[in-house]
Amino acid sequence: MKYTIYCDGAYSSARNTSGSGVLILRDGIEILRFGKKFKGGTNNTAELCAAILAMRSIKLPVDEIEIISDYMYIVGTVNQGWKRNKNKNLWLEFDRCYNSLSLLCPKIQFSWVKGHNNDKFNGIVDKLAVEASQSI
């Protein structure tokens, strides 16, 4: 069984809120989508929160997980060891979630998709994140 998870974050300066969107596919079939609003934050923290929420969403053993984000910083940090300069508390939580997820899944892959480039599922999580960041 393979899970493909899309995640994205957004920030609304007018409301000083951020939002994260997550969409999960199991063997190519959508099984869950949601957005979550956070007070304050930045676009960067919203992106990190989206990846954390994505990893927390998996509760049972899975053969393979691909987490797809348009935020190259997450993908580069996981795949290429980029330096973590800010948001250390979120990176610690990211690591905790990743380590927990590793116990449920032997193969976790992070992939990058170009944002706002006609990827159907990236468009959906972008919309979920924006709507969450702008909700009252």
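These legends go with a few close-up views of a predicted model.

View 1. Following the sequence, the elements come in the order β-β-β-α-β-α-α-β-α. The C-alpha trace spans about 40 × 35 × 25 Å along its principal axes. The radius of gyration is 14 Å, which agrees with the value near 14 Å for a compact globule of 136 residues. Of the contacts with a separation of 6 or more, 65% are between residues 24 or more positions apart. Buried residues account for 46% of the protein.

**View 2. Helix H3, residues 88-104.** From first C-alpha to last, the 17 residues of H3 reach 25 Å, close to the expected 24 Å. Leu90, Trp91, Phe94, Cys97 and Leu101 are the ones to look for on the inside: they are buried. Down the helix axis, the buried residues of H3 fall within an arc of 120 degrees, so they line one face.

View 3. What covers the buried residues? The cover includes helices H1 (43-56) and H2 (72-80), plus strands S4 (64-69) and S5 (108-112). Turned away from the buried side, the other face carries exposed Lys88, Asn89, Leu92 and Leu103.

**View 4. Pro61, in the loop between H1 and S4.** Pro61 has 60% relative accessibility, so it counts as exposed.

Technical notes. Residues numbered from 1 in each chain as written. Predicted model: local features only at pLDDT ≥ 70, side-chain atom pairs only at ≥ 80, totals over all residues. Heavy atoms only, no water. Helix = DSSP H or I, 4+ residues; strand = E, 2+ residues; numbered from the N terminus. Expected span 1.5 Å × (residues − 1). Buried < 20%, exposed > 50% of the residue type's maximum accessible area, 1.4 Å probe, protein only. Arc of directions from axis to C-beta. Contact = heavy atoms within 4.5 Å. Rg over C-alpha atoms; globule rule 2.2 N^0.38 Å.
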